[in-house]
Amino acid sequence: MTSSNLAYFSNDAIYACLAIFTIAFFAHAFEVSWSVKNTSSDDKTQFDFSRTDRAGRLGTAMMILGTLVLAVADITRGLSAHRVPWGNMYEFSITGALMLAGAYLFAFTKYKVRWLGLPVSISVLLTLGTAITVLYRPSAPLVPALKSPWLAIHVLAAIISGGVFLVANLVAATFLIMERYELKSGRPKWAEKIPTLDALDQLSYRLVAFVFPLWTFAVIAGAIWAESAWGKYWSWDPKETWAFITWVAYAAYLHARVTVGWRGRRAAWLCIFAGSTFLFNYIWVNIWGTGLHTYSGL
Amino acid sequence: MSEQNLGAPEIGGVALLRWAWRQLTSMRTALILLMLLGVAAIPGSLFPQRNQNPQKVDSYFTSDPTLAKWMDRFHLFNVYASPWFSAIYLLLFISLIGCVLPRTISHLKAIGKQPPLTPRNLDRMEGYRLIQGDPATAIDVAQKWFKSHRFRVRVEGNSISAEKGYARETGNLLFHLSLILILVGVALGSLFGMKGETILNVGDRFINTPTSYDNISYGKFQGQGSLPPFALTVKNFVATYDAVTGQPSNYVLTTDISNPLGSAAKRVIIKVNKPWTVGSTKVYLQANGYSPVVTVRDKSGHVTFEGPVIFLPQDGNLSSLGAIKVPDMVPQIGFIASFIPTASSSASRGIFSTYPEALDPRLVLSAWKGNLGLDSGTPQSVYSLNTAAMTKIGLKALTLGSTYDFGYGTITFNGWKAWVNLQIVDDPGKMYALFGALFAILGLLISLFTRQRRIWVKVGSDVEIAGLAKNGIPGLEAELIALTRALQEGTKE
């Protein structure tokens with residue numbers, strides 16, 4: 001196939017993914033909503049997931065199929081341009097969606113996390129939908145400044161750390177919600193499968209502690225690349241500044257946990273704050289910011 | 001009252017200093033300073049910075065001068081070099097040094113030391129348990145188990161104290177010491193470095209002396225005579241573009257460099273991600289554009305101006321804007337001009353460029369006569385014309401090779417040359433910063449993935465074991481179970 005054929009094929013595969021993940025989303029939505037069982041006098045909503053097990057399994061099958069097709073779309077996109085598929089924001093988004101779906105399936109093989117299928121499928125759908133409609137750019141070779149082996153290293157490290165930071169944020173948010181339930185009247189039925197507060201608290205810390213060195217490396221790799229491309233390893237470009245702020249926020253989080261002994265609610269809020277500096281960097285600086293990182297054509 | 005006060009330490013002098021030092025080097029202060037540094041970095045990403053985007057800073061001053069003046073007083077256009085930003089990071093690093101150095105010394109002292117004594121009441125520790133086992137062999141079995149799991153062991157009578165994971169503190173200290181090394185690198189770079197820029201047309205020769213630069217800045221302790229003595233000639237510059245999107249795909253700058261000056265020239269290719277290096281100095285290809293070549297003649301046909309004029313690109317298709325100034329005519333003549341590499345035109349937009357390569361160039365001129373204002377003493381940009389004392393006399397779009405008669409003489413569009421913007425940087429501190437960064441990651445990995453814990457075994461009528469994991473890191477329980485099993489199996493035999 002020629003380059004442009006590959007690029008068109010990749011686009012078609014993305015549209016196919018949108019359809020498949022939509023089915024996955026509805027299957028998971030059906031799984032949750034039809035499992036509601038009202039036991040007459042009791043006001044509390046009861047759930048019985050055994051009634052909708054087949055819908056759940058269909059959802060999982062579609063998640064697997066969608067992820068495979070997405071992987072093909074991502075790879076052909078890279079092949080069409082003869083490079084790694086993360087040269088602009090459209091490509092960051094489809095690669096990021098692939099990472100998210102892949103991380104979910106990986107977790108699925110190890111733990112009982114089918115309940116995450118609903119939020120994961122809707123996140124993937126939103127990401128892919130925004131990517132193909134708003135962020136889409138034709139497949140093209142890289143601008144000279146991006147032609148460097150550091151593109152693969154620096155951007156991949158940043159994408160992976162970002163993904164893990166966001167998962168840590170989701171876990172911390174889950175902690176806060178579950179804590180509220182437990183303080184009020186105990187967990188509702190549907191949340192009983194979710195791990196204990198202590199486990200959630202530990203999990204978000206471990207995710208951050210695990211990926212913080214990688215984030216540090218992503219920032220340093222960026223500095224090394226900046227030195228060879230722009231002549232200065234650090235120039236307080238908005239993207240660099242916010243990467244630094246994210247780094248500082250997570251460093252403070254780790255210190256707060258390890259040396260000051262923060263746990264639970266305060267730690268979860270600090271974790272969410274640090275994660276939102278990353279999101280702010282990805283969205284605000286990419287779209288409205290100015291600076292040296294803006295040549296990606298979004 | 002006064003007699004009672006005699007015994008108390010005097011507030012002031014040494015005591016006050018010691019109190020201040022203790023406050024500054026406390027963990028709490030360091031954490032607050034760290035967060036403060038993050039917060040202080042924010043305004044620099046929201047407002048334009050003078051060293052990155054001076055035009056945008058100027059637009060703040062023209063749209064609301066009073067506000068801009070007040071923002072400037074708080075250094076909001078120069079955040080990262082401002083006194084308040086510097087104050088935060090200097091305090092942070094003093095705090096860091098005050099915190100890390102004593103810890104490093106005590107950690108070094110602890111290297112050969114034995115683990116601390118077994119506490120008296122083990123039942124207050126984590127995972128305390130009593131084991132039904134043979135007290136006679138328990139010490140030996142436990143000692144063997146600890147040794148095979150590479151614990152440090154201290155046997156005192158009928159108890160064992162074992163500890164593992166000293167590397168956690170080693171990694172932790174390595175990380176923080178590396179941060180100090182990064183700061184040293186940054187400081188060296190700004191005190192002993194230099195940075196300069198120059199724009200060269202293809203064919204130009206550049207000799208590395210301060211006067212050759214368009215702008216140059218030195219570190220505080222960098223002498224002006226310290227530039228490496230090379231000469232660089234721009235032989236060729238090729239930009240290739242994607243035919244569909246018009247995006248640049250490659251820039252190749254071919255130069256001949258003699259280093260030192262006068263030695264045989266060497267062919268050097270410079271690209272965007274491939275600077276040329278000499279010592280700690282590097283030459284970077286930063287930007288490029290077009291210089292239209294024109295000849296201006298007066299009415300008698302005498303040449304009053306000739307040569308390439310550097311124009312600044314305005315968009316992705318390299319429509320470029322510039323000024324041609326001819327002071328040696330009466331009256332003085334100036335042109336505000338745009339160079340359109342590949343021309344197309346429409347009723348609404350006039351003439352515009354559709355592709356960055358010069359395939360069908362136009363030179364669009366508006367001619368002005370009067371006083372160029374070059375003798376007034378106030379410096380003016382070479383890229384724009386000050387038309388305050390001038391009147392417009394004509395407008396013309398020239399194709400390649402054509403001539404425009406503006407009444408007082410003629411201007412001919414002969415061709416164009418490519419120009420390149422070279423940035424020349426000397427940063428002797430960057431290797432320190434790089435090594436600091438690499439050691440910081442190493443230290444971080446060691447400290448985050450090492451678990452530090454103590455385990456005790458006490459033998460009386462029964463065998464008691466317990467442990468303590470620093471920062472409550474999980475994994476201790478599993479080890480205690482393994483040790484219990486070893487003790488039970490070992491003592492059965």
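1. Interface between the chains. In this predicted model, chain B contributes 38 residues to the contact and chain A contributes 35 residues. On the side of chain B that touches chain A, the elements giving two or more residues are α3, β8 (248-258), β11 (281-298), β21 (409-426) and α9 (430-449) of chain B. The greatest contribution to that side comes from α3(B), with ten residues. Sorted by class, the side of chain B that touches chain A holds 22 nonpolar, twelve polar and four charged residues.

2. Packing of α3(B) on α6(B). The axes of helix α3 (residues 27-46) and helix α6 (residues 83-109), both of chain B, come within 9 Å and cross at roughly 150°. Because angles over 145 degrees count as roughly antiparallel, α3(B) is roughly antiparallel to α6(B). The crossing of α3(B) past α6(B) is left-handed.

3. Residues at the helix contact. On α3(B) the contact involves residues including Met27(B), Leu33(B), Leu37(B) and Ala40(B), and on α6(B) residues including Phe85(B), Ile88(B), Leu92(B) and Cys99(B). The residues of this contact comprise 14 nonpolar, two polar and no charged.

4. Nonpolar cores. The largest nonpolar core has 138 residues, and those with the most contacts inside it are Ala168(A), Val208(A), Cys271(A) and Val420(B). Helix α6 (residues 197-230) of chain A gives the most to this core, with 18 residues. Beyond its neighbours within four places in sequence, Val208(A) is in contact with Ala168(A), Tyr250(A), Tyr253(A), Leu254(A) and Cys271(A). A second, separate core of 18 residues includes Ala142(B), Phe146(B), Ala162(B) and Ile465(B).

Definitions and conventions
Residues are numbered from 1 along each chain as its sequence is written. Chains are lettered from A and ligands numbered from 1 in the order in which they are written. This is a predicted model: local features need pLDDT of at least 70, side-chain atom pairs count only at pLDDT 80 or more; totals for chains, interfaces and linings use all residues. Axes are lines fitted to C-alpha atoms, for helices over the stretch in contact, and angles run from 0 to 180 degrees between N-to-C directions. Helices (H or I, at least four residues) and strands (E, at least two) are DSSP runs, numbered from the N terminus. Angles under 35 degrees count as roughly parallel, over 145 as roughly antiparallel, 65 to 115 as roughly perpendicular and the rest as oblique. A crossing is left-handed if the near helix is turned anticlockwise from the far one by less than a right angle, and right-handed if clockwise. Two residues are in contact if their C-beta atoms, placed from the backbone, lie within 7 Å. Ala, Val, Leu, Ile, Met, Phe, Trp, Tyr, Cys and Pro count as nonpolar, Asp, Glu, Lys and Arg as charged, and the others, Gly among them, as polar. A nonpolar core is a set of buried Ala, Val, Leu, Ile, Met, Phe, Trp, Tyr and Cys residues joined through C-beta atoms within 7 Å. A residue is buried if 20 or more other C-beta atoms lie within 10 Å of its own, exposed if 12 or fewer, and partly exposed in between; C-beta atoms are placed from the backbone.
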